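Morning, everyone. I have one structure to show today, and I'll keep it short.

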Amino acid sequence: INGKELVVISEDDGGKPADAVRIAEEMLINDKVVMISGTFLSHIGLAVTDFAAQKKIFFMAAEPLADAVVWEKGNRYTFRPFDYAPSQAVAFAPSLVRMGKRWYIAYADYAWGQSTKDAFVAEIKKNGGEVTGTHVRVQAQPRQVLANPVEPRRRDIECCDVALTADPLEDVAGLAAGRRAGVEHPVVCGP
């Protein structure tokens with residue numbers, strides 16, 4: 001780029017914010033990097049976002065979906081090349097409410113799941129719909145899958161027209177429970 005060779009250096013943060021920051025610091029000092037790109041999990045992205053602000057180094061957040069990475073905790077050095085939960089909710093909510101007025105939302109207990117749930121609840125209500133209940137699946141440790149996800153409370157899901165999940169693992173647990181409870185149109189919205 002501009003006559004300079006581009007070299008990619010890759011390290012595994014192990015899903016630990018302190019390790020991600022330590023690795024970024026080592027790359028900055030030892031390898032003289034001029035930018036950082038990457039991270040997958042939102043809590044790692046938030047840690048590196050803070051590091052980028054402190055060190056005044058460009059950070060392209062490749063995958064962390066938490067809106068805080070570029071909004072509440074964002075800074076002039078951190079960028080993310082894709083949309084975020086509120087824009088998805090604004091775009092989809094009018095169509096969702098036309099599908100059904102009463103909604104049940106299942107989501108994962110991590111930053112993106114929470115912000116997506118909050119955005120969709122607000123936009124569904126703003127568009128004349130109602131959220132009859134929500135179900136949170138406690139997030140497993142990185143690289144683990146919960147063996148027995150908890151199903152949503154049947155009484156919450158029975159009184160909705162449509163179920164929305166912002167968690168791919170809920171496709172099986174939450175939406176299957178929705179089908180058993182008579183939900184005709186389960187909808188998946190997730191990464």
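This is a predicted model: local features need pLDDT of at least 70, side-chain atom pairs count only at pLDDT 80 or more; totals for chains, interfaces and linings use all residues.

Where does Thr 78 sit? It is in strand 3, residues 78-79. Leave out residues up to four places away in sequence, and Thr 78 touches Thr 49, Ala 52, Phe 59, Val 69 and Val 70. Now take Ser 37. It is 41 residues from Thr 78 along the chain, yet the two C-alpha atoms are separated by 9.6 Å.

Next, the aromatics. The structure holds one aromatic pair. The partners are Phe 58 and Phe 79, and they are stacked. Centre to centre, the rings are 5.4 Å apart, with 25° between the planes. Phe 58 lies in strand 2, residues 58-61, and Phe 79 in strand 3, so the pair ties together parts that are 21 residues apart in sequence.

How covered are these rings? Phe 58 counts as partly exposed, at 30% relative accessibility. Phe 79 is also partly exposed, at 39%.

Now the whole chain. It has six helices and seven strands. Along the sequence, the pattern reads α-β-α-β-β-α-β-α-β-α-β-α-β. There are 191 residues, and 42% of them count as buried. Take the contacts with a separation of 6 or more: 56% of those come from residues 24 or more positions apart. Last, the surface. The accessible area is about 10,800 Å², and carbon and sulfur atoms account for 54% of it.

Terms used: Residues are numbered from 1 along each chain as its sequence is written. Side-chain values use heavy atoms; hydrogens and water are left out. Helices (H or I, at least four residues) and strands (E, at least two) are DSSP runs, numbered from the N terminus. Buried means under 20% relative accessible area, exposed over 50%, partly exposed in between (1.4 Å probe, protein chains only). Contact means heavy atoms within 4.5 Å. Accessible areas come from the Shrake-Rupley method with a 1.4 Å probe; for residues, only the protein chains shown count as cover. Rings of Phe, Tyr and Trp (its six-membered ring) pair if their centres lie within 6.5 Å; planes under 30 degrees apart count as stacked, over 60 as edge-to-face and the rest as tilted.
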